[in-house]
Amino acid sequence: MTNHRICILGGTGFVGHHLVARLAASGYPCRVLARRPERQRDLLLVPGIELRRSDIFETGVLEEQLKGCTAVINLVGILNEGGGRTFQQVHVDLVERILAAARAASVPRYLHMSALHAEATQGTSRYLRTKGMGEDLAHAGTDVQVTSFRPSVIFGPGDGFFNRFATLLKITPGVFPLACPDARFAPVYVGDVVSAMAQSLDDPGCVGKGYDLCGPRIYSLKSLVEYTADLIGRRRMVIGLPDVGARLQARVFQLLPGKPFTMDNYLSLQTDSICGHNGLEELGIRPQAVEALVPGYLR
Ligand SMILES: NC(=O)c1ccc[n+]([C@@H]2O[C@H](COP(=O)([O-])OP(=O)(O)OC[C@H]3O[C@@H](n4cnc5c(N)ncnc54)[C@H](OP(=O)(O)O)[C@@H]3O)[C@@H](O)[C@H]2O)c1
């Protein structure tokens with residue numbers, strides 16, 4: 001194991017918490033940049049973690065924070081624009097800043113979190129296109145050694161998928177109207193995602209590569225929501241909306257606080273989130289199944 005000192009951006013989110021715990025347990029000192037560190041007291045309890053307040057979009061901040069690090073990991077991402085930040089700023093411009101800062105601070109290694117089917121021109125939504133642009137940018141240079149990860153929807157304790165549907169099912173009586181019921185996913189376990197990232201840090205064979213990450217089975221969105229309802233013991237009739245209803249739901253819900261479902265989310269769901277070739281297998285990681293783990297944290 002190389003004696004990495006790792007700077008993590010987006011370490012305060014769902015994947016970030018799992019990754020920080022994994023890296024710390026492997027003995028890597030980690031510097032986590034947070035815009036609101038006072039909300040991250042749990043991270044302070046992880047041994048070897050240095051939590052630093054930073055506005056990563058401010059000029060010069062990244063160069064300063066990357067000093068003394070040997071690797072940088074970027075998990076920053078948004079599903080909707082808001083809070084004064086656009087997809088372009090968060091998914092593309094930030095990558096440019098990270099690479100420039102890594103060069104300035106002589107950080108040789110960069111792990112980049114993208115998304116399955118992120119494609120700069122062919123992506124069906126602005127989320128997927130900007131994720132694709134950011135990933136292309138990450139791989140464009142030669143001076144920083146880059147590996148990227150392209151997961152399907154990620155599940156595990158604290159996830160925003162099963163937990164979110166569980167909450168919605170609890171507050172929706174009787175019939176649950178679901179947009180894009182036939183959209184397909186291969187949910188991947190967060191533990192497998194962070195294993196892939198941790199393992200690739202020191203593997204020269206991973207440099208320059210992007211890994212699609214999927215779980216072992218494919219499900220329709222409707223079957224996953226019905227499964228969630230069963231697990232939490234709520235009998236709900238899940239009704240798949242026709243396309244026109246799904247678009248209408250997105251147009252209305254994107255006006256609500258927190259934007260629970262937007263037109264851009266709808267457009268992302270037009271691409272099945274399933275792998276042709278699963279990078280976990282290439283990395284020698286056996287993907288964990290939804291049925292083995294979700295009951296343990298959702299019930
Ligand atoms: N979860 C999935 O199913 C999934 C699937 C495919 C790809 N991904 C990608 O994986 C990455 C991590 O996902 P996640 O589920 O862990 O997301 P998350 O829980 O929403 O975490 C996102 C992270 O990005 C940070 N962030 C967002 N906007 C920021 C801004 N303007 N300035 C500074 N920090 C900002 C958040 O900081 P705060 O804590 O301060 O908000 C948080 O640390 C993302 O790039 C996402 O696109 C996730």
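**Helix packing, ligand shell and domain contact**

In the predicted model, helix 4 (residues 87-104) packs against helix 5 (residues 126-140) at an angle of about 5°, and the axes of the two helices lie 8 Å apart. Because angles under 35 degrees count as roughly parallel, helix 4 is described as roughly parallel to helix 5. On the side of helix 4, the contact is made by Phe87, Gln88, His91, Val92, Val95 and Glu96. Helix 5 contributes Arg126, Tyr127, Thr130, Lys131, Met133, Gly134, Leu137 and Ala138. Divided by class, the contact between helix 4 and helix 5 holds seven nonpolar, four polar and three charged residues.

The domain assignment of the protein gives domain 1 as 6-154 + 188-213 and domain 2 as 162-183 + 217-272 + 288-298. The centres of domain 1 and domain 2, taken over C-alpha atoms, are separated by 27 Å. Twelve residues from domain 1 and ten residues from domain 2 take part in the contact. On the side of domain 1 that touches domain 2, helix 5 and helix 7 (190-200) are the elements that give two or more residues. Helix 5 provides the largest share of that side, three residues. The side of domain 1 that touches domain 2 consists of four nonpolar, six polar and two charged residues.

The ligand is surrounded by 22 residues, of which Gly10, Thr12, Gly13, Val15 and Gly77 are the closest. Helix 1 (residues 14-25) supplies the largest share of this shell, three residues. By class, the shell around the ligand comprises 13 nonpolar, six polar and three charged residues.

Definitions and conventions
Residues are numbered from 1 along each chain as its sequence is written. This is a predicted model: local features need pLDDT of at least 70, side-chain atom pairs count only at pLDDT 80 or more; totals for chains, interfaces and linings use all residues. Axes are lines fitted to C-alpha atoms, for helices over the stretch in contact, and angles run from 0 to 180 degrees between N-to-C directions. Helices (H or I, at least four residues) and strands (E, at least two) are DSSP runs, numbered from the N terminus. Angles under 35 degrees count as roughly parallel, over 145 as roughly antiparallel, 65 to 115 as roughly perpendicular and the rest as oblique. Two residues are in contact if their C-beta atoms, placed from the backbone, lie within 7 Å. Ala, Val, Leu, Ile, Met, Phe, Trp, Tyr, Cys and Pro count as nonpolar, Asp, Glu, Lys and Arg as charged, and the others, Gly among them, as polar. A residue is near a molecule or strand if its C-beta atom, placed from the backbone, lies within 6 Å of it. Domain bounds come from an automatic or database domain assignment.
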